[in-house]
Amino acid sequence: MTVTEENTANTAAAGEAVVPAVSRGERFSSYDVEAFEVPGGREENWRFTPMKRLRGLHNGSAPATGEIKVDADAAPEVRIETVGRDDERLGAAGTPSDRVAAQAYSSFTSATLVTVPKETKASKPTVVRLSGPGEGETAYGHVQVRAEAFAEAAIVLDHVGSGTYADNVEFVIGDGAQLTVVSVHDWADDAVHVSEQHLRLGRDAKLKHIVVTLGGDLVRVSPTATFAGPGGDVDMLGLYFADAGQHQEHRLFVDHAGPNCKSNVLYKGALQGDGAHGVWIGDVLIRAAAEGTETFELNRNLVLTEGARADSVPNLEIETGEIAGAGHASATGRFDDEQLFYLQSRGIEEEQARRLVVRGFFHEILMKIDIPEVRERLEAAIEAELQAIGV
Amino acid sequence: MATLEIKDLHAAVTTDEGSKEILKGVDLTVRSGEIHAIMGPNGSGKSTLSYAIAGHPKYEVTSGEVLLDGENVLDMSVDERARAGLFLAMQYPVEVPGVSMSNFLRSAATSVRGEAPKLRHWVKEVKDEMAKLDISSEFAERSVNEGFSGGEKKRHEILQLALLRPKFAILDETDSGLDVDALRVVSDGVNEYTANNDVGVMLITHYTRILKHIHPDFVHVFAGGRIVESGGKELADELEESGYVKYIEKAGTTAAV
Ligand SMILES: Nc1ncnc2c1ncn2[C@@H]1O[C@H](COP(=O)(O)OP(=O)(O)O)[C@@H](O)[C@H]1O
Ligand SMILES: [Mg+2]
């Protein structure tokens, strides 16, 4: 067994890897909102979230007043359905683990189901555009992406528009299936989005789950990966760019309950402007039965200006010695003076040098997004972010 | 014909413990066409001198002047200095993850030349220069200096020298960490550049072996934060024989400011 660890903190707050008093594996989950107490904000799960800005999603005071609009541009092989609450396929990937997710589960009226049929390779990426209910309105939703056995596809969930929105997103990955998903959160400035994403991998399934968070007032995405059989392999990648006043929170949980699965987590964020706040929590649990597990998680934050803040808390719990490898790293820093000096000493102006460094910082993740349309759009979005503050 | 004048330069390094004076009055004039070897023991302040001239933010010039054709370099930002014609080949080139060498070189050349080089010419130019320095073409797509060996980094510094065509080049221990073959390749690169351009060079080194490949017009001994002796090639021969000991003592007695 090898456990590697790296923790460097230059500025802001970078977390020590901690094993919490209560194991992450003990976290309560339920489909019923009333089974959860109303969180006050001090709970481990909520301590970084500005509760007031949740607009009542967490305490039952936010009834649905609108709906999420769903438009799909699907590959011809991929089936898109709108189904009712009673569809028995729903809930297969996981159970809500916090009150907002349970509220969403208790409140949605119809769900979007995206199915990649078994042994089918989709000929192009499927884009599902989810538009917010509008400023001042609240909506709850549910999306399930099903890749049946040995299916192969790329799915983009593109979140845009205004309003307050909570949902559960399920990824049910059949045996031997290979799926790439990109969940883009490119909301308007007013939007609040709380999303629990349930990733359930079948035997020998491969999932690349990419979260991109750019817009919104408050975005909180909680992806949880579980394995239904051995040989599962999940890549969880994230890229976020928070501007002044934005709260972007990503809470990951990888639950290795069975043997011989792999997980690799890589999240990178840039933060700029007063009150920009990035939170990254990476919980990885390797249970006693999870022999042969291989896992690594990494979070890096680049704090571009004064007044921006990043919290980063990796957390690795290991209950068996028989693993292939486990490690984590977390670092938060400002611009590296040496890098800027080197570039400038070659005549490159400071502003351009900064842009090169930020682009370079995200390059590692962008290169892993193998959907050219999405990658190009993200590159453009990063350029726009850089333009906005003139770094 | 250009002139770089360093006049009574004092500089301090900012550390966590505060500020510490390293340069204690450096005087040196370099003209185009001249190669000045600056030789000194470890810790004498050679890199500090080159960083102070290039404008590294950690090094604060406390007094003195650096003039490029009469213009005060110290008033310029780091990138302005480079565009004015100064180049520093660093002792420890910096890694810039995610920025490809080709993107970096083109950005730098565009800045220094004032316009983007025509793509077709540029590709050929880079290819030719890389070939001369025995740099494999795959390096173009690698991140700047990331994972390069010491020798690979030094070759890339000289590649930048060739592409950015400065008026004055400071080569800070470009020879250290090079094996015999790499030392020859790198020296050839420097010699080719000086032969074909009107350039002044400050060749900073700890050892005399690079002077067998690159022939200096002047040799200066640097100790205790300043130049303590200047001469011709014969001074290097003397250093080869007897080392720096007597100069360290000399600096020690006179440098108590
Ligand atoms: N960034 C720095 N932080 C702390 N001390 C430094 C720094 N740079 C240089 N020094 C100190 O300044 C002195 C001269 O260093 P340097 O200029 O690197 O010498 P040389 O290049 O001749 O070996 C040394 O005592 C070194 O420890
Ligand atoms: Mg040095």
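## A walk through the predicted model

Let's start in chain A, where Phe150(A) sits in the loop that links strand S6 (138-147) to strand S7 (152-160); helices (H or I, at least four residues) and strands (E, at least two) are DSSP runs, numbered from the N terminus. Phe150(A) has a phi near 60°, a positive value in a residue other than glycine. Arg165(B) belongs to the loop between helix H5 (150-164) and strand S9 (168-172) of chain B.

A word on conventions: this is a predicted model, in which local features need pLDDT of at least 70 and side-chain atom pairs count only at pLDDT 80 or more, while totals for chains, interfaces and linings use all residues. Residues are numbered from 1 along each chain as its sequence is written, chains are lettered from A and ligands numbered from 1 in the order in which they are written, and side-chain values use heavy atoms, leaving out hydrogens and water.

Now turn to ligand 1. It is surrounded by 14 residues, the closest being Gly43(B), Lys46(B), Ser47(B), Thr48(B) and Tyr59(B); a residue counts as near if one of its heavy atoms lies within 4 Å. A backbone N or O atom of Gly43(B) is 2.8 Å from an oxygen atom of the ligand, and a backbone N or O atom of Ser47(B) is 2.9 Å from an oxygen atom of ligand 1. Tyr59(B) places a polar side-chain atom 2.8 Å from a nitrogen atom of ligand 1. Taken alone, ligand 1 exposes 550 Å², and the protein buries 69% of that (Shrake-Rupley method, 1.4 Å probe). Strand S1 (3-15), strand S2 (18-31) and helix H1 (46-54) of chain B are the elements giving two or more residues to this shell, and H1(B) gives the most, with three.

Finally, look at two helices of chain B. The axes of H3 (residues 101-113) and H4 (residues 119-132) of chain B come within 12 Å and cross at roughly 115°, where axes are lines fitted to C-alpha atoms over the stretch in contact and angles run from 0 to 180 degrees between N-to-C directions. Where they meet (heavy atoms within 4.5 Å), H3(B) brings Leu105(B), Arg106(B), Ala109(B) and Arg113(B) to Leu119(B), Trp122(B), Glu125(B) and Val126(B) of H4(B).

Technical notes
A polar contact is a pair of N or O atoms within 3.5 Å; within protein, one must be able to donate a hydrogen and the other to accept it, and residues adjacent in sequence count only if both atoms are side-chain atoms.
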